[in-house]
Amino acid sequence: MEGEERPAQEADMEPVMTSGTSEAVPRVLSGDSQNLSDVDALNLLLEMKLKRRRERPNLPRTVTQLVAEDGSRVYVVGTAHFSDDSKRDVVKTIREVQPDVVVVELCQYRVSMLKMDERTLLREAKEVSLEKLQQAIRQNGLMSGLMQMLLLKVSAHITEQLGMAPGGEFREAFKEASKVPFCKFHLGDRPIPVTFKRAIAALSFWQKVKLAWGLCFLSDPISKDDVERCKQKDLLEQMMAEMIGEFPDLHRTIVSERDVYLTYMLRQAARRLELPRTSDAEPRKCVPSVVVGVVGMGHVPGIEKNWSTDLNIQEIMTVPPPSISGRVSRVAMKAAFFGLLGYGLYWMGRRTVSLVLSLPAAQFCLQRVSEAQPGR
């Protein structure tokens, strides 16, 4: 699908509540709680939330604090996607700051992982089936679908090595956000079909072959210590430098463009909040908000870099039309795919027939048929 994809969602996941406030609100007068107005009840809940919010929160070292022009505060938690420590960092940050909005590095195509249990996700991540391949191709096209399945294979490899399903920090963020009064939960990542299509369009034919080859034969063992070391910025920057040197266009579409998109979504979430009013005649009062962002550590430097710049996400939401070489390579890939599929079916058919004919019962039937033929 070419053209522009609709810019991402401020998709609220259940349970979602109206956003609250991050400054003091009027105290509710003592009295019978059954006689409280709706506004007084809201103010009471907001006051309870503010009492739990730390003015100077004790945050993990993986948290980066950003401040919007209107004074709203954004706490970006940089995580390793296969890490127990990252899950604990997310829980601690949300409990300390009691946010009005939580934004996670997910889109609507990956939101199902929030409601699956760890065992189901572990099983799903390890199973890369033909049905999943067909679904990916139908959704994203042949080239993008194959690339998605190759990346799923990488995720399955890490899952198998560590015995841990990805995205645990996002599930913890979802659970903790539901415990904070008036906290909204937003999906902050660019839709994955747009990312894959732009990534495929940015690579030459030989770059696609080289990348696919590397992903297909990935087998290096990975330890939990390796994953935890990814939370160190120096190691991460070294890994990114190696990636840029080999596939600079891939880095631009998968990392840099998503840095811009995530920054945009965090800034959209960090808007001043309007306090509840007792009547329409009362003047409107707005206060700065508090936002927690949960993103992979690799996106944190880009978010910091883009935070104070003018952002235009329309350009990075557009899927460019395929080039002539891209169309030729796509036809070649289709021909190779169906050719291999046809050869596989032919080989399996021959093998099956040979096995059947080698059975004693089949040999007996063939002998009887031969004897029954006239002239013999």
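Helix H7 (residues 192-202) is largely enclosed by the rest of the structure, because 10 of its 11 residues are buried. Buried here means under 20% relative accessible area, with exposed being over 50% and partly exposed in between (1.4 Å probe, protein chains only). The buried residues of H7 are Ile 192, Pro 193, Val 194, Thr 195, Phe 196, Lys 197, Arg 198, Ala 199, Ile 200 and Ala 202. Helices (H or I, at least four residues) and strands (E, at least two) are DSSP runs, numbered from the N terminus.

A word on ground rules. This is a predicted model, where local features need pLDDT of at least 70 and side-chain atom pairs count only at pLDDT 80 or more, while totals for chains, interfaces and linings use all residues. Residues are numbered from 1 along each chain as its sequence is written, and side-chain values use heavy atoms, with hydrogens and water left out.

Next, a pair of helices. Two packed helices are described by the angle between their axes and the distance between the axes. For helix H2 (residues 84-97) and H6, the axes come within 8 Å and cross at roughly 25°. The axes are lines fitted to C-alpha atoms, for helices over the stretch in contact, and angles run from 0 to 180 degrees between N-to-C directions.

Who touches whom? On the H2 side you'll find Ser 86, Lys 87, Val 90, Val 91, Ile 94 and Arg 95, which meet Gly 168, Glu 169, Glu 172, Ala 173 and Glu 176 in H6. Contact means heavy atoms within 4.5 Å. By class, this contact has four nonpolar, two polar and five charged residues. For those classes, Ala, Val, Leu, Ile, Met, Phe, Trp, Tyr, Cys and Pro count as nonpolar, Asp, Glu, Lys and Arg as charged, and the others, Gly among them, as polar.

Phe 174 and Phe 185 sit edge-to-face, 5.2 Å centre to centre with 80° between the planes. Rings of Phe, Tyr and Trp (its six-membered ring) pair if their centres lie within 6.5 Å; planes under 30 degrees apart count as stacked, over 60 as edge-to-face and the rest as tilted. The pair links distant parts of the chain, with Phe 174 in helix H6 (residues 168-177) and Phe 185 in strand S5 (residues 184-187), 11 residues apart.

Phe 185 turns up again among the contacts of Val 104, a residue of strand S4 (residues 101-104). Not counting residues up to four places away in sequence, Val 104 also touches others including Phe 170, Ala 173, His 186 and Val 294. The C-alpha atoms of Val 104 and Met 265 are separated by 9.7 Å, though 161 residues apart along the chain.

Over in helix H11 (residues 248-269) is Thr 263. Leaving aside neighbours within four places in sequence, Thr 263 is in contact with Gly 302, Ile 303, Asn 306, Trp 307 and Leu 311.

Here are some buried residues:

| Residue | Relative accessible area |
|---|---|
| Phe 174 | 10% |
| Phe 185 | 1% |
| Val 104 | 0% |
| Thr 263 | 0% |
| Gln 98 | 6% |
| Phe 182 | 11% |

Finally, the backbone. Most residues other than glycine have a negative phi. Gln 98, however, has a positive phi of about 50° and lies in the loop between H2 and S4. Phe 182 has a positive phi of about 60°, and its place is in the loop between H6 and S5.
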